[in-house]
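Let's take a walk through a protein model together, one piece at a time. Keep the structure open beside you and look up each residue as we get to it.

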Amino acid sequence: PCAGPVESKNEAAMSELVPEPRQKPAVPMKPMGINANLLGYIGIDTIIEQMRKKTMKTGFDFNIMVVGQSGLGKSTLVNTLFKSQVSRKSSGWNREEKIPKTVEIKAIGHVIEEGGVKMKLTVIDTPGFGDQINNENCWEPIEKYINEQYEKFLKEEVNIARKKRIPDTRVHCCLYFISPTGHSLRPLDLEFMKHLSKVVNIIPVIAKADTMTLEEKTEFKQRVLKELEVNGIEFYPQKEFDEDLEDKTENDKIRQDSMPFAVVGSDKEYQVNGKRVLGRKTPWGIIEVENLTHCEFALLRDFVIRTHLQDLKEVTHNIHYETYRAKRLNDNGGLPPMTAETEESHESNL
């Protein structure tokens with residue numbers, strides 16, 4: 001019994017003198033390469049085809065908002081973008097109608113099908129924006145409409161018996177039309193983008209770019225970018241949402257070389273060199289809408305539809321909607337927002 005403590009003291013002294021051998025850092029095992037030829041085909045790559053078939057059956061929603069003064073060609077551009085009469089011209093809108101006293105929100109829905117893929121397209125027009133003598137806070141109805149769509153989606157999401165597929169009316173993209181003055185942005189432009197860039201994906205567009213010379217257009221684009229940067233206004237694609245180096249490289253190129261897109265819209269066809277082209281006829285020739293040497297419409301179309309449409313939807317859901325949702329639940333004490341129906345059921349349960 002006496003030897004025990006002495007031995008333990010000696011061991012302690014020895015352990016102080018002789019350093020313990022360092023353990024080698026654990027090296028993670030390399031994943032073993034699977035030889036598909038030996039083990040046979042599994043079929044993991046068919047998930048892409050499965051997703052494609054599912055999407056083709058269900059279709060998908062895309063909601064685009066156009067904002068700008070009257071006469072900037074908003075309806076024409078959207079019709080040109082989707083090569084069909086999707087804006088308010090096709091819904092019996094009359095040019096003789098008076099300018100509304102306040103900003104109105106008009107949403108027109110269409111189903112467009114191409115290559116077996118169905119897209120439920122909603123075009124949200126904002127007649128009356130910036131057309132009054134006093135345009136103070138004229139962006140508020142637009143901001144209210146955008147937040148109402150988030151609220152509608154949130155209420156559906158927190159329902160106990162919610163729908164399998166929640167109807168998506170959230171605004172995925174807002175095309176903001178800048179007047180081609182060649183000078184600078186108006187205070188109204190800056191105020192709108194400052195308020196709305198926090199709740200929706202804004203893509204600035206210089207309308208009717210054929211009214212400027214090439215030099216004026218280049219200078220105006222640079223001036224607009226500078227003013228947006230000075231005023232701390234972020235437009236889509238936002239730098240902090242670039243997911244990887246490839247995205248950053250691609251989006252940096254778009255931000256520096258293309259933004260804001262200087263476009264010309266037209267839904268009329270003309271014969272040029274034996275081909276039918278969309279264009280605008282002038283005394284000195286035809287401006288071809290899809291010709292990159294004439295305007296940047298083709299770049300805008302490729303950007304919105306062919307390369308970034310899915311990302312616009314994802315940023316809306318993961319960033320703008322999540323921000324609204326977190327704030328709404330936080331203001332409500334972490335509980336889902338109560339509707340009249342849920343309040344009644346809650347009271348009856350009590």
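Start with Arg-301, which is buried, with a relative accessible area of 10%. Buried here means under 20% relative accessible area, exposed means over 50%, and partly exposed is in between (1.4 Å probe, protein chains only). Arg-301 forms a salt bridge with Asp-302, and their closest N and O atoms are 3.5 Å apart. For a pair to count as a salt bridge, a side-chain nitrogen of Lys or Arg has to be within 4 Å of a carboxyl oxygen of Asp or Glu. Asp-302 is partly exposed, at a relative accessible area of 26%.

Before going on, a word about what you're looking at. This is a predicted model: local features need pLDDT of at least 70 and side-chain atom pairs count only at pLDDT 80 or more, while totals for chains, interfaces and linings use all residues. Residues are numbered from 1 along each chain as its sequence is written, and side-chain values use heavy atoms, with hydrogens and water left out.

Now zoom out. The chain's secondary structure comes to eleven helices and nine strands; these are DSSP runs numbered from the N terminus, with helices being H or I of at least four residues and strands being E of at least two. Of the chain's 350 residues, 38% count as buried.

Six strands make an open sheet, in the order β2-β3-β1-β4-β5-β6, with mixed pairing. (Two strands pair if DSSP finds at least two bridges between them.) β2 (106-114) and β6 (261-262) stand at the edges with a single partner strand each, so one side of each has no neighbour in the sheet. β2 runs antiparallel to β3 (residues 117-125), and nine bridges join the two. To spot one of them, find His-110, whose bridge partner in β3 is Leu-121.

Leu-121 turns up again in the surroundings of Phe-62. Leaving aside neighbours within four places in sequence, Phe-62 is in contact (heavy atoms within 4.5 Å) with a list of residues that includes Leu-121, Phe-82, Met-119 and Leu-312. Phe-62 is also one of the residues with the most contacts inside the largest nonpolar core, which has 73 residues. A nonpolar core is a set of buried Ala, Val, Leu, Ile, Met, Phe, Trp, Tyr and Cys residues joined through side-chain atoms within 4.5 Å. In soluble globular proteins, nonpolar side chains tend to be buried together.

Back to charges: the structure holds 17 salt bridges. Which residue forms a salt bridge with Glu-157? That's Arg-325, with the closest N and O atoms 3.7 Å apart. Glu-157 lies in helix α5 (residues 140-158) and Arg-325 in helix α10 (residues 309-331), so the pair ties together parts that are 168 residues apart in sequence.

Arg-325 has another partner, too: Glu-322, with the closest N and O atoms 3.6 Å apart. These two are three residues apart in helix α10, which means about one helical turn separates them. Arg-325 is partly exposed at 28% relative accessible area, and Glu-322 is partly exposed at 31%. Put together, Glu-157, Glu-322 and Arg-325 are linked in a network of salt bridges.
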